[in-house]
Amino acid sequence: MIRSLVCAAALLAVAACGGSNPDLDQTGPRPDLPDIRETLLPPMKIAKPVGWGDRVPTVPTGYTVTALATDLRIPRQMLILPNGDILVAEGRGGGAPKLRPKDVIAGVIKKKGNTQVEGGDRITLLRDANNDGRPEVRTVFIDNLNAPYGLAFVDGYLYVANQDELVRFPYRDGQTRITAPPERVTRLPAELNHHWTKALTASADGQTLYVGIGSNSNVGERGMAVEEERAVVWAVDRITGARRTVATGIRNPTALAIEPTTSALWAVVNERDEIGPQLVPDYLTSVREGAFYGWPYSYWGQNLDPRVRPQKPELVARAVVPDYALGSHVAALGLSFARDGGFGGRFTEGAFVGQHGSWNRQDLSGYKVVWVPFSGGQPAGEPIDFVTGFLTDDGRARGRPVGVVFDPARRILLVADDLSNTVWRVAPAGANATGGSVAAPAR
C-alpha cells in the first residue's frame, strides 16, 4: 500500500511538470499546434469544488442569470418540448476497467472535480409557463433509465439515448409523467463504455436520428477490436431502427445539433490526451457524410499521432480538418444554435458551446459557455465568453457546464451545471426574468 502511494506521488510529480504557452491561439479554423510533448502522465490539475454560495454565474451586461432548478441528480443534456416544458436528462454512466497506472491516477483526480451526488438515471420535467424563471411544475418525467444523455422529440415521440440503447416513449402534449415502458429503436455500442455518453439530435425533417458514439480509449491502447463502431456518428431511421455510419474517426462527439440556416449536422468533439497541455484542441465541426476525422491515427487533419501502431496512412491521407477549434482540453459537452434571431445583435447567428473544463493541464481551460458567431451557416469570428464565473480567482470550481439549449420562443438560454446540480437560466434583463436590471442586451 505504501509503495503504491509512493509510486502515485512520483507519477503526479511528473504530471505537474509541463506548462502551456499563453501566446498560442488555439481557437478558430487555424489553431496553433505546438510540437508533441509526450509524457508518462499528462499534466493533471482539477478545479476542486467550492460551491456557489450566494453567487451566480457571470453573463454579459444587459442579461440576467438565475437558477431555474437546483438539487438535481447530475443534469447533463436538456430538451425543450413544443409546449415549452423543459426536460433534463440526469445520470452518470461508464465503468470501463482501468488499463494503466495513468488511468488509476487520472480517475482519482477527475473524481475530485465531480459532484458526490448519485446520478438520477431519470428525466426531470420543468414547467415555467409564464417564463418568470420560477417553475410551477417540477416532476420526475421518466425514471429507471440507464445513464440517459441525448434527447430528441419528433412527431409525438420522445427519443432517449441511454448509454446502451436508443429508446422512445409516446408523448401527449402537456403530459407530466410517462410510465409506459420504453420501446427500443436500436441497440447502441456499450462494450466497456470508456466514453459512455450518447449524443442525439433529429434531422431537420425529423426522419433521421443522429447518434454520437465516443471511443473506448484515448488512442486505441485497448486494441482496435473494442473500437468497432466507436468514435462515430450514426444515422438511425427513427421508424425502423435501421442505421448507417455517417462519419468515423471522430473521437468523442459529445453533443449534436442542426445548424438552422443550412440544416447541416454539427458536433462538438473531445480530442485525445497525453501529448501535451495544448494538444489536441477540442472542436466544433460540421459532420460530413463519409468523412474520416483522424482518430486515432492523426489529429487536426493529417498531423500524425506517433503512439498508434500500426499506422494507417491510407486513412490519414483522407483525414479532414475540423471546422473550428475550441481550445485544448476544454471538454466541450454542450451545443445549441441560436434560432429566429437569437438574442439579437452580435448574438443573432451562431452557436452556444458548453465547456465542462479541463483536468489534464496545469492551467485550467474551459469551465464556461462560449458563443461562436456564424455567418451563412459557417463559423465567422472569435469565440465570445457568454456564461463565466464557474471558476474562482484561486482556481476552484463553483460549477461545471454541460448541456446548453437556446429557446427561441422565450429568448432564454439554459445551462446544465453537473457540479452544483443546477440548471441556470439566462435571459435579457427585464424580459419577464427575475432579478437584474432593465438594460438592453449588449449589442
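**From one proline to the cores and pockets**

Proline 148 is found in the loop between β6 (137-142) and β7, in a model that is predicted. Its relative accessibility is 0%, and because buried means under 20% relative accessible area, proline 148 counts as buried. Leaving out residues up to four places away in sequence, proline 148 touches Ala89, Glu90, Asp121, Arg122, Val160, Ala161 and Asn162. Aspartate 164 stands 16 residues from proline 148 in sequence, with 9.2 Å between their C-alpha atoms.

The whole structure contains 21 aromatic pairs. One of them joins phenylalanine 153 and tyrosine 171 in an edge-to-face arrangement, with 5.5 Å from centre to centre and 85° between the planes. This pair links distant parts of the chain, since phenylalanine 153 belongs to strand β7 while tyrosine 171, 18 residues apart from it, sits in the loop between β9 (165-170) and β10 (183-187). Phenylalanine 153 counts as partly exposed at 24% relative accessibility, whereas tyrosine 171 is buried, with a relative accessible area of 11%.

Another pair is stacked: phenylalanine 343 and phenylalanine 386 lie 5.8 Å apart, centre to centre, with 15° between their planes. Phenylalanine 343 is placed in the loop between β21 and β22 (350-355) and phenylalanine 386 in strand β25, so the pair ties together parts that are 43 residues apart in sequence. Both phenylalanine 343 and phenylalanine 386 are buried, and both belong to one aromatic cluster formed by Tyr63, Phe343, Phe347, Phe352, Trp371, Phe386 and Phe406.

With its neighbours within four places in sequence left aside, phenylalanine 386 is in contact with Thr58, Val59, Pro60, Tyr63, Phe343, Phe347, Phe352, Val369, Val370, Trp371, Leu413 and Val426. The largest nonpolar core comprises 30 residues, and those with the most contacts inside it are Phe343, Phe352, Phe386, Val387, Leu413, Val415 and Val426. Two or more residues of this core come from each of β2 (63-69), α2 (101-112), β23 (368-375), β25 (384-387), β26 (401-407), β27 (412-417) and β28 (422-428). The element that gives the most to this core is α2, with three residues. A second, separate core has 28 residues, including Ala147, Ala247, Ile275 and Val287.

The largest pocket has a volume of about 1,300 Å³ and is lined by 48 residues, with Lys110, Asn114, His194, His195 and Trp196 lying nearest its centre. Sorted by class, the lining of the largest pocket holds twelve nonpolar, 21 polar and 15 charged residues.

The second largest pocket takes in about 800 Å³ of space. It is lined by 36 residues, of which Leu79, Leu151, Thr201, Arg339 and Val405 are the closest to its centre. At least two residues of the lining of the second largest pocket are supplied by each of β3 (75-80), β7 (150-154), β11 (198-202), β15 (253-258), β21 (332-337) and β26. By class, the lining of the second largest pocket divides into 25 nonpolar, eight polar and three charged residues.

Key
Residues numbered from 1 in each chain as written. Predicted model: local features only at pLDDT ≥ 70, side-chain atom pairs only at ≥ 80, totals over all residues. Heavy atoms only, no water. Core = buried A, V, L, I, M, F, W, Y, C linked by side-chain atoms within 4.5 Å. Buried < 20%, exposed > 50% of the residue type's maximum accessible area, 1.4 Å probe, protein only. Helix = DSSP H or I, 4+ residues; strand = E, 2+ residues; numbered from the N terminus. Contact = heavy atoms within 4.5 Å. 1 Å grid on protein atoms, 1.4 Å probe; cavity = no way out; pocket = protein on both sides within 12 Å on 5 of 7 lines; lining within 4 Å. Points joined across faces, edges and corners; volume = space filled by probe spheres on them. Nonpolar A, V, L, I, M, F, W, Y, C, P; charged D, E, K, R; others polar. Phe/Tyr/Trp six-rings, centres within 6.5 Å; stacked < 30°, edge-to-face > 60°.
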